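Visitor: Could you walk me through a few details of this protein, taking them one at a time?

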Amino acid sequence: MEQRRCETRRAPRWWVGFLVAALVWSAATAQIRYSVSEEVNEGTVVGNIAKDLGLDRGALKERKYRIVSTTPDPLFHVNPNDGVLYVSRKIDREEVCAQSSTCLINLKTVLENPLEVHYVAVEVLDINDHSPSFTEKETRLEIAESVLPGARFKLNASKDSDSGHLSVQQYKLSHNDHFRLEVKDKGEDGKIPILVIHKSLDRESVASHSLVLTALDGGKPPKSGDMNIRVDVLDINDNAPIFSEEVYSVMLSENAQVGTTVIQVNATDMDEGSNGEVVYSLSNTMNQKLKNLFEINPTTGDITVKGLIDYEQKDKYDIEIEASDKSIAPLKTEKSVIIRIVDVNDNAPEIEVTSFSSSIPEDSRSGTTVALISVNDLDSGLNGKVICSLGEDGPFALSPSLQDKMYSLVTKSPLDREKQSQYDVTISAKDAGQPSLSSEKTIRIIVADANDNSPEFSLSPYTFYVTENNEPGASVFSVKAFDQDENENAVISYHIFRDGGETNKLASFLNINSENGEILALKSFDFETLKKFQFHVVATDSGSPSLSSNVTVNVFILDKNDNPPVILYPLSSNGSAEGVEEIPRNVNAGHLVTKVRAYDADIGYNGWLLFSLQEVSDHSLFALDRYTGQIRTLRSFTETDEAEHKLVILVKDNGNVSLSATATVTVKLVEPKEAFAASDVKSSVKDDEENNVTFYLMITLGAVSVLFLVSIIVLIAMQCSKSTDYAAKYLQETNYDGTLCHSIQYRSGDRRYMLVGPRMSIGSTIVPGSNANTLVLPDRRTHGEFGI
């Protein structure tokens with residue numbers, strides 16, 4: 001249309017051209033040539049044939065001017081009135097002329113009367129009404145990634161129905177680093193695009209490339225057509241598996257159960273198919289011990305526990321694993337998996353006594369080392385931090401050493417073997433884990449004896465009672481000492497201390513067994529000449545140096561009934577116990593005739609005298625006082641009574657085997673005057689004698705009483721010093737039966753005992769084995785006399 005308008009506006013030029021063509025036209029050929037663009041509208045004027053041929057336009061109709069055509073639908077027609085050539089319908093050059101470079105349509109016009117034939121050639125000019133197109137909108141190429149750069153792949157050419165320069169003139173390829181485009185010009189066959197590999201392909205980087213090939217024609221502006229090219233990169237096994245982590249590190253608690261998953265490793269292979277399928281395994285270079293502890297799932301990559309994990313054996317494991325593909329020629333990748341074992345408090349502290357003295361002298365100083373203790377806990381951190389202590393308070397302490405986990409067991413206070421000879425020391429060790437574990441160890445420490453104790457006597461002082469007239473050379477008593485030490489330090493020997501002093505003269509008459517402390521008297525003692533004496537016994541142990549102690553031994557001589565009574569009055573001039581008493585016949589009943597006086601050198605029961613009438617002429621006249629020896633009349637005398645009476649008086653002591661003496665008193669009855677005279681003379685004599693006897697008796701009684709009181713005080717002090725309270729057992733004798741005996745009585749069990757001084761009570765007996773210093777009294781509690 002545009003072209004036609006352009007030709008209409010330029011009609012003068014067209015006609016000029018037509019004239020020129022007509023001039024050139026030869027008569028023989030009579031052919032003219034027009035051009036028209038394709039796709040012009042129906043009725044578009046192509047040219048004025050009549051004018052161009054110089055034909056008479058008025059005769060054209062008459063001569064039936066027409067175009068001779070064999071097609072039922074011609075492209076052109078001529079107006080018979082004016083000879084103008086018109087387009088009958090739209091002309092598609094590509095349809096009419098296909099791919100011819102010049103599209104020329106020859107028309108034959110005819111005039112009749114006369115017949116004239118004129119040839120007209122119409123060139124259909126091409127316009128850019130077609131875009132290049134590809135037979136396929138998308139094409140797919142498969143190229144192995146191993147193909148080297150420079151490889152060429154021919155592509156399908158684009159088709160453009162237009163011709164000439166309006167056909168496909170060039171190809172363009174979308175930007176891509178791996179490909180470039182080459183175009184090969186094959187002349188009439190057009191231009192052929194060729195895809196060239198510019199850079200090596202890597203399927204793992206880009207598995208497929210999407211390209212766009214664009215074909216451009218020569219129009220202005222040019223028209224184009226696209227074809228999508230998909231290049232699929234074919235895989236080759238050029239990639240080894242790659243693990244997802246550079247370093248695999250994991251923490252695992254010890255004692256993890258078998259089957260526990262430690263970690264899952266993951267490796268990928270950028271290849272595909274069997275080249276990209278990954279299989280996991282433990283490295284062949286691993287030792288068998290590790291393989292017994294861990295295993296790996298070949299498919300999932302799970303590393304699991306296979307054996308017992310013990311932190312104390314090893315706290316870190318470096319496992320080599322492999323990932324390989326399933327290619328015919330598989331590629332492998334190795335990786336280390338570091339497994340750090342987390343300590344669990346599963347080990348109790350261990351106590352070890354590295355150096356131990358089973359015995360220690362009791363005189364060791366405070367701070368003396370008894371044992372070296374080492375403590376070890378196989379766990380780590382707080383689980384392995386151990387605190388040591390002693391189980392109970394005692395004379396020992398733990399002293400930390402400069403070396404870690406070492407302690408010294410030392411003494412912290414003095415030891416005394418005599419109080420405690422051995423110690424079972426319990427050492428406790430406790431870690432700081434949660435929950436904490438502990439252990440104990442008990443060691444026995446023997447305290448070795450040192451000679452630090454002097455011998456000790458069982459009593460201090462000793463008081464013994466020895467009956468007089470003892471057998472010389474016989475054992476009279478013994479002392480006993482004990483030593484709290486042991487062995488040689490406790491072996492005791494005895495000896496009597498002899499310094500030659502006045503107080504120890506009697507010690508020369510004694511001898512002592514050095515081993516058992518038994519004392520023998522070398523002479524017989526006489527109570528009447530010796531009442532008591534004192535000496536010292538020394539006990540010495542066998543230690544080095546030895547220790548000794550001494551004890552005072554008080555010996556009281558006990559009286560034995562070895563002296564018969566002695567008659568003091570009556571006493572005749574020749575020494576016989578006979579006397580004559582004259583009394584008036586007129587005395588009344590109860591008159592004191594005389595008093596028989598006697599004494600016994602013995603004391604106590606042995607010296608207690610009783611008087612009795614052994615012979616009497618008339619029992620109705622006289623009576624004898626049993627205790628005083630007084631003879632009194634029972635009644636008044638009568639004329640029938642005889643003038644002289646003989647009285648035999650028996651004086652007997654109270655010894656177990658009593659001794660006696662007799663005195664004879666002759667009583668003469670006289671008249672009152674004679675009796676008075678005789679009485680005065682005798683009274684003066686008797687008074688003098690009685691005063692002398694009384695004086696000596698008082699001195700003797702006073703001395704004995706003082707000695708007895710001293711003995712009693714010593715005994716009381718000795719008993720009070722004992723640890724056992726015997727004082728509560730003592731019973732004071734309250735039943736005084738007329739003797740001069742004083743005693744202290746006490747009870748033990750079902751027996752009643754009496755300790756006596758120089759004098760004894762009636763009825764007491766000496767207990768065998770008591771060394772004659774203890775008497776057993778008959779138990780009279782049933783009569784209510786004693787009570788505790």
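This is a predicted model: local features need pLDDT of at least 70, side-chain atom pairs count only at pLDDT 80 or more; totals for chains, interfaces and linings use all residues.

Visitor: Which strands stand at the edges of the open sheet of four strands?
Guide: The strand order of this open sheet is β1-β7-β6-β3, and its pairing is mixed. A strand with a single partner has one side left without a neighbour in the sheet, and therefore the strands at the edges are β1 (31–37) and β3 (66–68).

Visitor: What is the bridge partner of Ile32 in β7?
Guide: In general, strands of a sheet pair through backbone hydrogen bonds, in either a parallel or an antiparallel way. Here β1 and β7 run parallel and are joined by seven bridges. In β7, the residue that partners Ile32 is Val120.

Visitor: Is Leu115 buried or exposed?
Guide: Leu115 sits in the loop between β6 (104–111) and β7 (116–125), and together with Val117 and Tyr119 it forms a nonpolar surface patch with about 290 Å² of accessible area. Because its relative accessibility is 62%, and the cut-off for this class is over 50%, Leu115 counts as exposed.

Visitor: And Ser408, is it buried or exposed?
Guide: Ser408 belongs to strand β29, which covers residues 406–411. Leaving aside residues up to four places away in sequence, Ser408 touches Thr369, Ala371, Leu372, Ala397, Leu398 and Ser399. Its relative accessibility is 16%, and since the cut-off for this class is under 20%, Ser408 counts as buried.

Technical notes:
Residues are numbered from 1 along each chain as its sequence is written. Side-chain values use heavy atoms; hydrogens and water are left out. Patches are made of residues with over 30% relative accessible area and no salt bridge: like charges are joined within 9 Å, nonpolar side chains (Val, Leu, Ile, Met, Phe, Trp, Tyr) within 5 Å. Accessible areas come from the Shrake-Rupley method with a 1.4 Å probe; for residues, only the protein chains shown count as cover. A salt bridge is a side-chain nitrogen of Lys or Arg within 4 Å of a carboxyl oxygen of Asp or Glu. Helices (H or I, at least four residues) and strands (E, at least two) are DSSP runs, numbered from the N terminus. Buried means under 20% relative accessible area, exposed over 50%, partly exposed in between (1.4 Å probe, protein chains only). Two strands pair if DSSP finds at least two bridges between them. Contact means heavy atoms within 4.5 Å.
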